[in-house]
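Reader: Could you walk me through this model, one feature at a time?

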Amino acid sequence: PLTMTRSATDKWLGGVLGGIARSLGISSGLLRGLFLVFFFGVGGLTFGISSGATIVIYLVFWFTLGKS
């Protein structure tokens with residue numbers, strides 16, 4: 001089973017992306033880069049997700065994921 005928690009060490013803000021990256025076994029830098037692409041809509045690659053929705057999704061994860 002996939003268990004996601006916020007990272008206590010690999011974090012810039014709330015540890016959300018670092019924790020998700022660890023759970024998925026991918027680089028946190030890659031996940032942060034994808035987050036920025038969705039947030040800023042670089043090259044039209046937002047897939048219909050607005051920057052406001054990106055922030056809301058991040059905040060939902062921040063408040064619902066436990067800390068590792």
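**Reading the fold and its rings**

Author: The protein has three helices and zero strands, and its elements run α-α-α from the N terminus on. Helices (H or I, at least four residues) and strands (E, at least two) are DSSP runs, numbered from the N terminus. This is a predicted model, where local features need pLDDT of at least 70 and side-chain atom pairs count only at pLDDT 80 or more, while totals for chains, interfaces and linings use all residues. Residues are numbered from 1 along each chain as its sequence is written, and side-chain values use heavy atoms, with hydrogens and water left out.

Reader: What does the protein average in pLDDT, and where is confidence lowest?

Author: Where pLDDT is low, the predicted coordinates should not be read in detail. pLDDT is the predictor's confidence in each residue, from 0 to 100. Here the average is 84, and 88% of the residues score at least 70. Confidence is lowest in H3, with a mean of 85, and highest in helix H1 (residues 16–24), at 91.

Reader: How many aromatic pairs does the structure hold?

Author: A pair of aromatic rings is described by the distance of the centres and the angle of the planes. Rings of Phe, Tyr and Trp (its six-membered ring) pair if their centres lie within 6.5 Å; planes under 30 degrees apart count as stacked, over 60 as edge-to-face and the rest as tilted. The structure holds three such pairs. In one of them, tyrosine 58 and tryptophan 62 have ring centres 6.0 Å apart and planes at 80°, so they are edge-to-face. Tyrosine 58 and tryptophan 62 are four residues apart in helix H3 (residues 51–64), so about one helical turn separates them.

Reader: Is tyrosine 58 buried or exposed?

Author: Buried means under 20% relative accessible area, exposed over 50%, partly exposed in between (1.4 Å probe, protein chains only). Tyrosine 58 is buried at 11%, whereas tryptophan 62 is partly exposed at 26%. Tryptophan 62 also pairs with phenylalanine 63: centres 6.1 Å apart, planes at 15°, so that pair is stacked. Phenylalanine 63 itself is exposed, at 68%. Put together, ring pairs link Phe35, Tyr58, Trp62 and Phe63 into a cluster. Over the whole protein, buried residues make up 25% of the 68.

Reader: Which charged end sits over the ring of tryptophan 12?

Author: A charge sits over a ring if NZ of Lys or CZ of Arg is within 6 Å of the ring centre and within 35 degrees of the ring normal. Here arginine 32 places its charged end over tryptophan 12, 4.8 Å from the ring centre.
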